[in-house]
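Here is a short tour for anyone opening this model for the first time. Take a look at the structure below, then read on.

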Amino acid sequence: MRFDTRLVHAGAEPTPGTGDLVPPVHLSVTYERSAQDPLRYFYGRGENPTREALESCLAALEDVRFATAYTSGQAAAEAALSLLSPGQRVVAGDDVYGGTHALFDLVRARGVTVDQVDLADPGRCQAVLADDAAPLAMVWLETPSNPLLKVTDVAAVARHAHRRGALVLVDNTLASPALQQPLSLGADVTLYSTTKFLAGHLDVLGGALVYDDPRLHERLVAHRTTVGTAPGGADCFLVQRGLKTLSLRMARQVQNAQAVVAALGAEPAVCAIHYPGLPGHPQHDVAVRQMRAPGALVSFAYRGDPVQLMERVRLFAAAVSLGGVRSLIECPALMTHRPVPRETRLRVGVGDDLVRLSMGIEDPADLVEDLIRALRARPA
Ligand SMILES: *Cc1c(COP(=O)(O)O)cnc(C)c1O
């Protein structure tokens, strides 16, 4: 089965006895036992059939055996970081999701070292991963990164990291498996905020880890059951329903991003555009190699007050989050990356003038018109 077919069929086998083509939503948190039953379903914190249907779909999308679903992307990220012990070291990208910065601070407090460097810079990346003097347990990267949309060469990172015996995790939230498959490029684990493109409708929170290692699966399931970060059946149903249209939505969202990028290029109020599809993007060649399309996020530096721009647009909602059917606009310095210290933010290149767009599935002409009108309006 090809990817688009798996989106619809994986984890959706007709239910024996009834023939349901939609996996039933299991809401029960406990299961009646009889002495002779094998102990497959016990308690909802550990097991739920709707959750398993979603997980088998997520694993199939990347051609591996396992996925664990979580209540949010943050819960999934925390689970991955729970694999680390005091004294171990992680090398991570410097331009990562705002909440990931906060999780790194939590593991640092547990005695884990987290060194953040620009992994999109091949020279810097190779130097830091090849440095035998420092231990290396995990490499954590986000590509494209948020909000600067830097692209890291996953295959190159995996080669260097595996030579050191380190686990490679890719936060694939911005690309989704429809555009990029990190496990097939050599990564060990993909992380998703399923809240974003996978569910796609801005109406459910969720997260997932996807991987092929049975020992890792055992550890992650045990951790999730202990700390209680497994999502309920209703939320899993919503994520799996969203998944069926992932490729269709993504195709339109990418088309909208390309239309907006083309229009922004001619606007004097826009000074720098970050989009991996632009031939001038610093890692354009890597993006062409490892992504099916350059994605649905665009960021740019604005010669004006981002707050006024966010007030002037009508179709783009000024809101955090991304990947949904509605187009959103945000200013990372004021919104998603506000908790990141200003110094750190400026050092990685997230200026106060940066604006990020997440394209929805609306008509591209309406979105372009809305944005251009707002950009050209005289400052109030
Ligand atoms: C949103 C997001 C997360 C966190 O996911 P939640 O579902 O909001 O907890 C992690 N990584 C990236 C890249 C994200 O965009």
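Is the crossing of H2 and H9 left-handed or right-handed? The crossing is left-handed, a word used when the near helix is turned anticlockwise from the far one by less than a right angle, with right-handed used for clockwise. This is a predicted model, in which local features need pLDDT of at least 70 and side-chain atom pairs count only at pLDDT 80 or more, while totals for chains, interfaces and linings use all residues. Residues are numbered from 1 along each chain as its sequence is written, and side-chain values use heavy atoms, with hydrogens and water left out.

**Helix pairs**

- Helices (H or I, at least four residues) and strands (E, at least two) are DSSP runs, numbered from the N terminus.
- The axes of H2 (residues 49–61) and H9 (residues 233–243) come within 8 Å and cross at roughly 35 degrees; axes are lines fitted to C-alpha atoms, for helices over the stretch in contact, and angles run from 0 to 180 degrees between N-to-C directions.
- On the H2 side the contact (heavy atoms within 4.5 Å) includes Leu54, Cys57 and Leu61, and on the H9 side it includes Cys236, Phe237 and Leu243.
- The residues of this contact of H2 with H9 divide into nine nonpolar, three polar and one charged, where Ala, Val, Leu, Ile, Met, Phe, Trp, Tyr, Cys and Pro count as nonpolar, Asp, Glu, Lys and Arg as charged, and the others, Gly among them, as polar.
- For H3 (residues 73–81) and H4 (residues 98–109), the axes come within 11 Å and cross at roughly 35 degrees, and this crossing is right-handed.
- Gln74, Ala77, Glu78 and Leu81 of H3 meet Gly99, Thr100, Leu103, Phe104 and Val107 of H4, giving five nonpolar, three polar and one charged residues by class.

**The sheet**

- Five strands form an open sheet with mixed pairing, in the order E8-E9-E12-E11-E10; two strands pair if DSSP finds at least two bridges between them.
- Its edge strands are E8 (270–274) and E10 (317–318), each pairing on one side only.
- E8 pairs with E9 (residues 297–302) in the antiparallel sense over four bridges, and isoleucine 273 has phenylalanine 300 in E9 as its bridge partner.
- H10 (residues 246–264) lies across E8, E9 and E12 (354–358), and runs at about 20 degrees to E9.

**Pockets and cavities**

- On a 1 Å grid over the protein atoms alone, a cavity is a set of points where a 1.4 Å probe fits but cannot get out, and a pocket is an open set with protein on both sides within 12 Å along at least five of seven lines; lining residues have an atom within 4 Å of a point.
- The largest pocket has a volume of about 480 Å³, volume being the space filled by probe spheres set on grid points that are joined across faces, edges and corners.
- Of the 28 residues lining the largest pocket, Arg40, Tyr41, Pro49, Glu52 and Ala53 are the closest to its centre, and H2 gives the largest share of the lining, seven residues.
- The second largest pocket has a volume of about 380 Å³, and H8 gives the most to its lining, with three residues.
- There are five cavities of 30 Å³ or more, and the largest cavity holds about 70 Å³ of space.
- The lining of the largest cavity divides into three nonpolar, three polar and five charged residues, among them Asp94, Asp118 and Lys150.
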